Amino acid sequence: MSKKVRKSIGLVIAAFLSICLFISPIYETKSLAADPYTALSKATRKYNGHDYSAEYNPLYYYLNYQDLREAFGTDGNKLIEHYVIFGKKEKRVANRLIGDSTEFVVPTGKENMVIIPKTLHGNGGMTADQEVQARSIAKQIADGINKTATDKVKEIEKVAYAAGIVRAYCDLGTYTTTGQMYRTAYGVFIGGEYSCAGSTRALGLILDYLGITWVHVNANTWDDQWCQVIADGQEGYGDAIKAVAAYGKHPNQGGDAKAGISYSKIRSKFDVATQKPRQTD
């Protein structure tokens, strides 16, 4: 990359940050209904003529147990049958959500849904001081996105914009899979080195401050990595290496690559991208 291009990218990031200062593995479930929420909310609570409504909620029973989701999907008849014959004896809970609500149910728009468990994201090996510095930059970027976005900007467009900013940082550094920082957000934002792992974690930190739920896909592997997200109530993804985001599956998982929303397509929806320079006398 030429010095001129690197300088231009650096100026874009610097301008963006200056404005900022002022202003779980994924499990796809089987399903027998086009609208899983409706299917589960209307699923039967009766079995052999007995009404179990006082102790059984099909949606809660479904959400509480992964083995049932994988075995029966949203088949209400199978779920109530299992509860009566086996669940009660096994002391399974069906009248409330258990745990700490660590799983999210996300419609796909098709005849299924995805369950995304909340996960603790590894930081790639950053020291405490490095994490403080990386988070400081990520928060500035997120604050800038929220302050400069127009009212009609969707969450998935914020993901795409954030992916573009991370990609710009990456372009100022060097791609590598050796060293101490390439897996980290610190390497992307400050250390001058990156990989798909580091860029994913850098984007993930920004998403944390945007309040967007994400899962690190293929973490700690040599495969391509990206953020699987819940944006605008839907499953989606953000890929910092490609500076793109979209609803649905990542192209590596069979998603439509043409559906991607690139940074360049949506930057005009953010005031920071359309600000005119001040005129001087």
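## Ground rules

Residues are numbered from 1 along each chain as its sequence is written, and side-chain values use heavy atoms, with hydrogens and water left out. Because this is a predicted model, local features need pLDDT of at least 70 and side-chain atom pairs count only at pLDDT 80 or more, while totals for chains, interfaces and linings use all residues.

Helices (H or I, at least four residues) and strands (E, at least two) are DSSP runs, numbered from the N terminus.

Start with helix H6 (residues 128-148) and helix H9 (residues 196-210). The axes of H6 and H9 come within 8 Å and cross at roughly 55°. Axes here are lines fitted to C-alpha atoms, for helices over the stretch in contact, and angles run from 0 to 180 degrees between N-to-C directions. H6 and H9 are therefore oblique to each other. The scale is this: under 35 degrees is roughly parallel, over 145 roughly antiparallel, 65 to 115 roughly perpendicular, and the rest oblique. H6 passes H9 in a right-handed crossing. A crossing is right-handed if the near helix is turned clockwise from the far one by less than a right angle, and left-handed if anticlockwise. On the H6 side, the contact (heavy atoms within 4.5 Å) involves residues including Ala134, Ala138, Ile141 and Ile145. H9 supplies Leu205, Ile206, Asp208, Tyr209 and Leu210.

Helix H7 (residues 155-172) also meets H9. The axes of H7 and H9 come within 10 Å and cross at roughly 140°. That makes H7 oblique to H9. The crossing of H7 and H9 is right-handed. Among the H7 residues in this contact are Val159, Ala162, Ala163 and Val166. The H9 residues include Ala202, Leu203, Ile206 and Leu207. The axes of H6 and H7 come within 11 Å and cross at roughly 135°. H6 and H7 are therefore oblique to each other, and their crossing is right-handed. Ile137, Ile141, Ile145 and Asn146 of H6 meet Lys158, Tyr161, Ala162, Ile165 and Tyr169 of H7.

## Aromatic pairs

The whole structure holds nine aromatic pairs. Rings of Phe, Tyr and Trp (its six-membered ring) pair if their centres lie within 6.5 Å; planes under 30 degrees apart are stacked, over 60 edge-to-face, and the rest tilted. Buried means under 20% relative accessible area, exposed over 50%, and partly exposed in between (1.4 Å probe, protein chains only).

Tyr169 and Phe189 form another pair, with ring centres 5.1 Å apart and planes at 80°, so the pair is edge-to-face. Tyr169 is in H7 and Phe189 in helix H8 (residues 185-191), 20 residues apart. Both Tyr169 and Phe189 are buried.

## A tyrosine cluster

Tyr52, Tyr56, Tyr61, Tyr65 and Tyr83 form one aromatic cluster. The charged end of Arg92 sits over the ring of Tyr65, 4.7 Å from its centre. For that label, NZ of Lys or CZ of Arg must be within 6 Å of the ring centre and within 35 degrees of the ring normal.

## Two buried helix residues

Ala197 is found in H9. At 8% relative accessibility, Ala197 counts as buried. Ala197 touches Arg183, His216 and Gln225, not counting residues up to four places away in sequence.

Leu63 lies in helix H3 (residues 58-64). With 18% relative accessibility, Leu63 also counts as buried. Leu63 and Ala94 are 31 residues apart in sequence and 9.2 Å apart, C-alpha to C-alpha.

## Positive phi in two loops

Most residues other than glycine have a negative phi. Lys91 has a positive phi, near 60°. Lys91 is found in the loop between helix H5 (76-87) and strand S4 (103-107), and is exposed, with a relative accessible area of 72%.

Ala243 has a positive phi too, near 55°. Its loop runs between strand S10 (234-239) and strand S11 (244-247). Ala243 is buried, with a relative accessible area of 13%.
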